[in-house]
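Keep the sequence and the 3D view open as you read.

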Amino acid sequence: MKNINRKKAAYILMFVGIALLLLGIVTSVSLGAKDIDLSTIVNSILHDNNDINTKIIRDVRMPRAIAAALVGGFLAVAGAIMQGITRNPIAEPSVMGITQGATFMIAVALVIQRMFPHLIISSFEMMMFAFAGASISGLLVYFVSSRSMRKVDPVKLALAGTALGTLLISLAMGISMYFNLSQQLTFWISGGVTGAKWSSITLLAIIGGSALIGAILMAPKITILSLGEEIAIGLGQKTNKIRFISILLVILLTGASVSVAGNIVFVGLIIPQIVRGIVGADYKYIIPSSMVFGSVLLVYSDILARMINPPYETPIGSLTALLGVPVFIYLVRKDTK
């Protein structure tokens, strides 16, 4: 009976989340320096009128809203996976230094472009730099915090991730100051979807979407691993393989997200915790629910970022950090009781 109730709760949660997400996307597209009504939005989507409203909706606001939805969802799923495979409630991409590693490599890419002006780094190549940074930092933190390939220390994981993340962000800022790239790097450090384009969304959807499908397929194995190492081994699971594939999925999800939206923190911490409290410990429900509500969180954060101090925009990363830090402190204190 309890499992049936959890299943119903998961479906209701996703239904409510999808409704909120659609409302948020419509609101995001309609709000801005020039407010646009719903009928104009629908008309611009269905018909290419070649007027200013159509260009604003199609080329600026829709890519921005969709990017926020995808990035928020992917970061939430990445956080859910990490919490499952490490059995650590405070594990998420920014705590483990993965987002900071991607940001550092983007700083390196900007330096290369500054040193070789004739060299133009495309959005796809920028994404590859982000993947490289996410991969190196994520794997490094994982192996440093592992007592062995089979045993990951949750405390060491958080400490190593925090230390490495702080180092990488400091190096990125130092590089940007030395090469006079502070303004260009500010976007990546603070996070935002202002510059989202259809080309970047296509790459984000292909790479992140593929990783999301992989995460859904891996969900039953992550559920078993989250119950404990001994239980998973006793049930015949290859725990090393599960962890390695899961880390790769996290890297793909995080690298794609950071390459489009920069260093957005704590989404992967907040959402899985809320979702798990409602739908239970089955990752078959946690992962899709986290995807939906991660999207909701970032879409509405982007709307709020535009409303706080118009016509200027508040960095989305600041808003998610404002929400995430109290949750982080609560979880740490809860585990110490």
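## Ser-259 and helix H10

Ser-259 lies in helix H10; helices here (H or I, at least four residues) are DSSP runs, numbered from the N terminus. This is a predicted model, where local features need pLDDT of at least 70 and side-chain atom pairs count only at pLDDT 80 or more, while totals for chains, interfaces and linings use all residues. Residues are numbered from 1 along each chain as its sequence is written, and side-chain values use heavy atoms, with hydrogens and water left out.

Is Ser-259 buried or exposed? Ser-259 counts as buried because its relative accessibility is 9%; buried means under 20% relative accessible area, exposed over 50%, and partly exposed in between (1.4 Å probe, protein chains only). Not counting residues up to four places away in sequence, Ser-259 touches Ile-106, Met-126, Met-127, Ala-130 and Trp-188, where contact means heavy atoms within 4.5 Å. Along the chain, Ser-259 and Leu-204 are 55 residues apart, and their C-alpha atoms are separated by 8.6 Å.

Now try Ser-176, which lies in helix H6 (residues 154–178). With a relative accessible area of 4%, Ser-176 is buried. Its contacts, leaving out residues up to four places away in sequence, are Leu-181, Ser-182 and Leu-185. Ser-176 and Leu-235 are 59 residues apart along the chain, and 50 Å separates their C-alpha atoms.

Phe-187 has its place in helix H7 (residues 182–190). Its relative accessible area is 25%, so Phe-187 is partly exposed. Beyond its neighbours within four places in sequence, Phe-187 is in contact with Gly-192, Val-193, Thr-194, Val-260 and Ala-261. From Phe-187 to Thr-239 there are 52 residues in sequence and 38 Å in space, C-alpha to C-alpha.

## The nonpolar cores

A nonpolar core is a set of buried Ala, Val, Leu, Ile, Met, Phe, Trp, Tyr and Cys residues joined through side-chain atoms within 4.5 Å. The largest one here has 98 residues, and Val-71, Val-77, Ile-81, Ile-264, Val-267 and Ile-287 touch the most other members. Which helix gives the most to this core? The answer is H3 (residues 52–86), with 14 residues.

Take a look around Ile-264: apart from its neighbours within four places in sequence, its contacts are Val-71, Leu-75, Thr-99, Gly-191, Gly-192, Leu-298, Ile-316 and Thr-320. There is also a second, separate core of seven residues, including Val-29, Ile-41, Ile-57 and Met-62.

The axes of H3 and H11 come within 7 Å and cross at roughly 70°; axes are lines fitted to C-alpha atoms, for helices over the stretch in contact, and angles run from 0 to 180 degrees between N-to-C directions. H3 and H11 are therefore roughly perpendicular to each other (angles under 35 degrees count as roughly parallel, over 145 as roughly antiparallel, 65 to 115 as roughly perpendicular and the rest as oblique). Their crossing is right-handed; a crossing is left-handed if the near helix is turned anticlockwise from the far one by less than a right angle, and right-handed if clockwise. The residues of this contact divide into seven nonpolar, five polar and one charged, where Ala, Val, Leu, Ile, Met, Phe, Trp, Tyr, Cys and Pro count as nonpolar, Asp, Glu, Lys and Arg as charged, and the others, Gly among them, as polar.

With H8 (residues 198–226), H3 packs at an angle of about 20°, and the axes are 9 Å apart. H3 and H8 are therefore roughly parallel to each other, and H3 passes H8 in a left-handed crossing. By class, this contact has 18 nonpolar, four polar and two charged residues.

## Two loop residues with positive phi

Most residues other than glycine have a negative phi. Arg-87, in the loop between H3 and helix H4 (98–115), has a phi near 55°, a positive value in a residue other than glycine. Arg-87 counts as exposed because its relative accessibility is 52%.

Phe-266 sits in the loop between helix H10 (239–261) and helix H11 (267–279). Its phi is positive, about 70°, although Phe-266 is not a glycine. At 13% relative accessibility, Phe-266 counts as buried.
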